[in-house]
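Here's a quick tour for anyone meeting this structure for the first time. Have a look at the model, then read on.

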Amino acid sequence: MHERTAFAQPQDELAARLRALQDLSGLGVRALARDTGLSSSSLSRYLNGQTVPPWPAVVALCRLVKRDPRPLRPLWERTSNPLPAPPRSSRQVRPPTRNDLPRDVPDFTGRAERLAAVLAAVDSHRVVSVDGMAGVGKTCLAVHAAHRLTADFPDAQLYVDLHGFTEGRPPLDPDSALRTLLGALDVPSEKVPQEGVEQLAACWRSELARRRVVVVLDNAADADQVRPLLPGAGPSVALITSRNRLLGLDEVPPVSLDVLTPEESARLLARASGDPGGPDGRLAREPESAAEVLRLCGHLPLALRLAAARLRHRPGWTVGILVERMAQGASEFDTAFAMSVRQLNRAQARLFRMLGVLPGASFDEYLAAALADVPLHSARTMLEDLLDAHLVQQPTAGRYRLHDLVHQHARRAAAEQDPAAERERALGRVLDYYVHAAAAADAAMPLLSPGRPPSAGRPPAELPRFPDKNAAFTWLTTEYGNLLAAFETAAAAGADRHVCELPRFLRAYFARRCGTTHLNVLFERSLAAAERLGDPLRLAEAHSDLGFARYNAGRMAEAAAAYEAAAARLSQAGDAPAEAELAMRRGYLSWDAGHVEEPLALFRLAGRLYEKAACPTGAAHAAASEGWALLQLGHREEAAQRAREVLGIPHTDPAGPPALTARITLGVAIAHEEPDRAAEHLHQALSLARDDRHLHNQAWCLNCQGVALRQMGRYQEALASHREAFALLDELFEEHWKIHFLNGYGETCRLAGLPDEALRLHRQALELAPGLGNRYEEALAHEGIAIVLDETAPAEAAEHRAAGRAVLEQETLTWEAKRSAAARCGPSRWS
């Protein structure tokens, strides 16, 4: 009678079943991988229970030994889906805890005293600095300590490489580092201050003060670089690593690392190489050669692990052979790296060298394929081999990076072995890839209408696939730093087509997520590139895009100038989609400037141009904007009819610009006549904006909902909706956007019996509007103040009423007609 083995986890049981299949085959891992068509490294992880295999891999193993795979299916499904998905909230689902820490090495050796010192410093000061020479194990120790601290700091475990000593790349400036860290905490970038390291640091400290977070600040250049990144009040902790002692951080206790002791080095070499130990082990049989390996590695953990990897993957080697290969190198690091590279085949070694030219911090298999100009499956296989050789790291699934020292070696090897022309072509393929991949992501989350396909460079053979806008948004978020690095590289290389086109494919991403500072800088440089190219259409689009960036930053006069320049050049280019896009943008700017008839005419012009260009999405958005403008002017029935027409068109994205604008317009337009139906439309619009994770549009929906509820006489509900909208606007940290909502909120407060609050809001609008050039809201603010003061201060009320008339006296419509606006809703951010 046999006892059934009890397994702690389904994954352990599945791995045991797979090992049983291997036993039946009688094959080693490499032979089994060859006969099943699997990667040997992947198969090893499946058999050890480190990774759950895909079902086809299970089937392949079963078929090899002529076993039916179906009995394993229930176990595989339990392993692949260990827990049911949590129920989705009607509001936003709380994201899982962020953990960016690199993998903790399983062969962590020695350092007991230093580890205790790090943990003690964290306990007493909440910050510690680990310093030492390159390759001495600073990052390894800090990451190991951070993993030990994870349970005590459950809100997030963050990691950022500050690139203090990365060859060919300047240290990460505190501004970029803080934005990266705030993004990792899922702080909406609209909430992040747009300018000033001190403001960013204050925002970062504020976020840490209410969380329990451990953050590893790796590879710092100096104290000035890292000082703004340190936590302030609160429980969060930071672990810093640097090749320099950070003497400027007097308040931070240092922990200095030296090389490993000979005993620790020997233990690490044995553990990392898989040596069984005892008299039968290779190291024990060749003690002199083993000691020479330790000497050549300089007792540095990184070099020791690279040497050990060669022994582990070359069972036929003696330790003496390893010494001979290492002795051919010029230094401990280059010896170890070059020795590892020499074990690669020609294609693998070429890819490794090419990786040295990458401008970004991390990459995926698609970029590797484009870089080396090889098929995707070949790149994937070669990356697996480089990963096994410890020449490439995999911080997360599907993402790869090179350690700084390895990156340096790859760059030097490429410079020595590859002609300059070939390196330039490889870098050109990288720039081509980022432009075309960004264009593919942009097409999955269009802003107004599909843009022109990229013309810069040659499209790579394969690009990532984006089934929906969320997949595209995730890719853009992951690659954002690399996209900016590619932009800088293109600018330095004089690749003006890439510089001109890349920012255009980031517009939808910026509209949904990012603040305006980077947007303006990118388009300023894109315009300069377009001027050098001298193409009228490119130059017109660049001026239009810069105007769009200026408008989003509240720089209305500059936006108007840019739009004028774009219009002048479009008259030469004759491109209908570009003209339509410009007409839409000018329409919203014209409305903010206080004009009444011109915006309507521009929206209608945009609609005709989009129809001419056979762009139904753009035409629908123009029609929705026309309805919105009619609503602002009090033409409820016309606005409602236009909105219904737009909603009657099939929309691939119900949260996109046309449908959302039309639904909001209709909800406010029918608030008097059909309050229940109006509330339904506005609630649906808000739900769509929340599902889309677009904070600005959520605020817009809430404000419009407040306007509609006020018109229904439901003042308390209206106030609650306005307050929620302004809470979101406070998170956005773009004060100029409040101008579109303040007067409507003030009118609700007045009708709800809160005259003091109404007066405060109208005065706030009056302070903002002139500086933004928003004449319409300036006039509304004067009128709102006048209405509140009519009974208590009639003389001052008369002054404000006259000032409001003076602001818009150049318009053809009377002030009374403008006052009759049914809603003061503000525009979307798609303009």
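**A buried strand residue to start with**

Leu158 is buried, with a relative accessible area of 0%; buried means under 20% relative accessible area, exposed over 50% and partly exposed in between, using a 1.4 Å probe and protein chains only. Keep in mind that this is a predicted model, where local features need pLDDT of at least 70, side-chain atom pairs count only at pLDDT 80 or more, and totals for chains, interfaces and linings use all residues. Residues are numbered from 1 along each chain as its sequence is written, and side-chain values use heavy atoms, with hydrogens and water left out.

**Around Leu158**

- You'll find Leu158 in strand β3 (residues 156-161); helices (H or I, at least four residues) and strands (E, at least two) are DSSP runs, numbered from the N terminus.
- Leaving aside residues up to four places away in sequence, Leu158 touches Arg98, Asp100, Leu101, Leu181, Ala184, Leu185, Trp204, Val213, Val214, Val215 and Val216, where contact means heavy atoms within 4.5 Å.
- Val213 sits 55 residues from Leu158 along the chain, yet their C-alpha atoms are separated by 7.6 Å.

**Nonpolar cores**

- The largest nonpolar core has 166 residues, and Leu351, Phe352, Leu355, Phe363, Leu371 and Leu386 touch the most other members. Such a core is a set of buried Ala, Val, Leu, Ile, Met, Phe, Trp, Tyr and Cys residues joined through side-chain atoms within 4.5 Å.
- Apart from that core lies another, of 44 residues, including Val128, Ala272, Leu283 and Val319.
- Not counting residues up to four places away in sequence, Phe363 touches Leu355, Leu358, Ala368, Leu383, Val392, Gly398, Arg399, Tyr400, Arg401 and Leu402.

**Helix pairs**

- Helix α30 (residues 616-632) packs with helix α31 (residues 636-647) at an angle of about 160 degrees, and their axes are 8 Å apart. Axes are lines fitted to C-alpha atoms, for helices over the stretch in contact, and angles run from 0 to 180 degrees between N-to-C directions.
- α30 and α31 are therefore roughly antiparallel to each other; angles under 35 degrees count as roughly parallel, over 145 as roughly antiparallel, 65 to 115 as roughly perpendicular and the rest as oblique.
- On the α30 side, Ala620, Ala623, Ala624, Glu626, Gly627, Leu630 and Leu631 meet Glu638, Ala639, Arg642 and Val646 in α31. That contact has seven nonpolar, one polar and three charged residues, with Ala, Val, Leu, Ile, Met, Phe, Trp, Tyr, Cys and Pro counted as nonpolar, Asp, Glu, Lys and Arg as charged, and the others, Gly among them, as polar.
- Helices α6 (residues 112-125) and α7 (residues 138-149) pack at about 55 degrees, with axes 10 Å apart, which makes α6 oblique to α7.
- Arg114, Leu115, Val118, Leu119 and Val122 in α6 meet Leu141, His144, Ala145, Arg148 and Leu149 in α7. By class, those residues are seven nonpolar, one polar and two charged.
- Helices α11 (residues 262-273) and α13 (residues 287-296) pack at about 105 degrees, again with axes 10 Å apart, which makes α11 roughly perpendicular to α13.
- Pro262, Ser265, Ala266 and Leu269 in α11 meet Ala290, Val293 and Leu294 in α13. Here the contact has six nonpolar, one polar and no charged residues.

**Helix α3 and its cover**

- In α3 (residues 40-48), Ser41, Ser42, Leu43, Tyr46 and Leu47 are buried.
- The cover over these buried residues includes α1 (10-25), α2 (29-36), α4 (55-64) and α19 (376-388).
- Just after α3, Gly49 takes a positive phi of about 80 degrees.
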